[in-house]
Amino acid sequence: MNTELSIKMPRCKGCGICVAFCPKQVLALDELGKVQVVNEEACIGCGQCELRCPDYAIFVDKKVAK
Amino acid sequence: MERSYEQYFRQNRLPHLWCPGCGNGIVMKSIVQAIEKKGLDKDKTVIVSGIGCSSRASGYMDFDTLHTAHGRAIPFATGVKLANPELNVIVITGDGDCTAIGGNHFIHGCRRNVDLTVVLFNNSIYGMTGGQSSPMTPTHKKATTAPYGAIDRNFDACKLAEAAGATYVARSTAFHVQHLTDMIASGIDNKGFSFIEAIVQCPTAYGRKNKMADPAQMMMWMRDNAIMKAAWDKLPDEKKIGEKFPIGLMHHEEATDYATAYEEVIELAGGKA
């Protein structure tokens, strides 16, 4: 899809809110318990993860043509 | 990637110290987004907070901030507002800070209709001190000081504010982020005492005691139980059951604010009137 996910790792506390609210299972928690993108292609850019992230760690942007 | 609301945070203080999954961060973002939406000048905005988890927010926000004594955020804010009425004063408080320790200050702030925007972070518990029950812990819910469930009836802070004389009363939750931002923004617009109750999840102290340790699960509880005010009013009483609660604008009226009333006294005493 045409979206870009960026994560500010030092801010993530691994609460799993973004993982739970993602309608397309794009996100998961890694072995350290922090968020990771597992299926970026499936992202529809709804922004639910960014909206409810309490730590301002994840951002969804439209991909800019380079 | 860089969001415009980040300019309102003290970047060297982030990440904040709230627990993983705590809803306070969401409400803090809503507040700065409401400030951004209303275009308030950073140098003309004062954030005043009391004591508690919620009140740590003032430390992360890049305005003139005041972290005050427990329960006394509203009196400090009243002083700031009266000394310089052109400032926008926003008060951040918690359920224990506002309705227990600062209960009297809260009702008298409402009664005077001081032009403040008070955002109450309601996590239903005293999180920082170890999960004691607060006046807003729902009846029968557990806390470290109520291992068999609280027997006290809980405050409805919105009804309390309305009865005490607040001119703008609203409620929203950490799940309804945009709605919460709108409620706070309209509160900033109101000239008088604006009270916004933001329901937040506390997975660590409240959730673990009440079989909701997962923060996402607590947010889904908000999604499933919050009903917009317009729909709530049409709902028959037999359906207002369980843990359902209304969100939205609860009360709005026009009344003279305290700074204006005080200005009139100054003029009278100065012999100008």
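Analyst: Two strands are said to pair if DSSP finds at least two bridges between them. This is a predicted model. By that rule strand 9 of chain B pairs with strand 10 (residues 245-252) of chain B, in the parallel sense and over 3 bridges. Within strand 10 of chain B, Ile247(B) is the bridge partner of Met228(B).

Helix 8 (residues 215-225) of chain B packs on the sheet here, where it touches strand 7 (168-173), strand 8, strand 9 and strand 10 of chain B. The direction of helix 8 makes about 35° with that of strand 9 of chain B.

The pair of strands belongs to an open sheet of 8 strands in chain B, ordered 2-1-3-4-8-7-10-9, with mixed pairing. Strand 2 (64-67) and strand 9 (226-228) of chain B stand at the edges with a single partner strand each, so one side of each has no neighbour in the sheet. On average, neighbouring strands of this sheet are turned by 20° against each other, direction ignored.

Helix 1 (residues 24-38) of chain B also lies across strands: strand 1 (45-49), strand 3 (88-94), strand 4 (117-122) and strand 8 (194-199) of chain B. Helix 1 runs at about 160° to strand 4 of chain B.

The nonpolar core comes next. The largest one has 87 residues, and the members that touch the most others are Val27(B), Ile31(B), Val91(B), Val119(B), Ala174(B) and Ala198(B). Helix 1 of chain B gives the largest share of this core, 7 residues. Neighbours within four places in sequence aside, the contacts of Val27(B) are Val119(B), Phe121(B), Ala174(B), Leu180(B), Ala198(B) and Val200(B). In soluble globular proteins, nonpolar side chains tend to be buried together.

Helix 1 and helix 8 of chain B have a part in the contact with the other chain as well. In that contact, 15 residues of chain B meet 17 residues of chain A. Helix 1 and helix 8 of chain B each supply at least two residues of the side of chain B that touches chain A. By class, that side of chain B has 10 nonpolar, 3 polar and 2 charged residues.

The axes of helix 2 and helix 4 of chain B cross at roughly 35° and come within 8 Å. At this crossing, Ile74(B), Pro75(B) and Thr78(B) of helix 2 meet His105(B), Phe106(B) and Gly109(B) of helix 4. The contact between the two helices has 3 nonpolar, 3 polar and no charged residues. Asn113(B), which follows helix 4 of chain B, has a positive phi, near 55°.

Finally, the chain as a whole. Chain B has 10 helices and 10 strands, and 49% of its 273 residues count as buried. Among contacts in chain B with a separation of 6 or more, 67% join residues 24 or more positions apart. The C-alpha trace of chain B spans about 65 × 45 × 35 Å along its principal axes. The radius of gyration of chain B is 18 Å, which agrees with a compact globule because one of 273 residues would have a value near 19 Å.

How values were computed
Residues are numbered from 1 along each chain as its sequence is written. Chains are lettered from A and ligands numbered from 1 in the order in which they are written. This is a predicted model: local features need pLDDT of at least 70, side-chain atom pairs count only at pLDDT 80 or more; totals for chains, interfaces and linings use all residues. Helices (H or I, at least four residues) and strands (E, at least two) are DSSP runs, numbered from the N terminus. Axes are lines fitted to C-alpha atoms, for helices over the stretch in contact, and angles run from 0 to 180 degrees between N-to-C directions. Two residues are in contact if their C-beta atoms, placed from the backbone, lie within 7 Å. Ala, Val, Leu, Ile, Met, Phe, Trp, Tyr, Cys and Pro count as nonpolar, Asp, Glu, Lys and Arg as charged, and the others, Gly among them, as polar. The radius of gyration is taken over C-alpha atoms; the globule rule is 2.2 Å times the number of residues to the power 0.38. A residue is buried if 20 or more other C-beta atoms lie within 10 Å of its own, exposed if 12 or fewer, and partly exposed in between; C-beta atoms are placed from the backbone. A nonpolar core is a set of buried Ala, Val, Leu, Ile, Met, Phe, Trp, Tyr and Cys residues joined through C-beta atoms within 7 Å.
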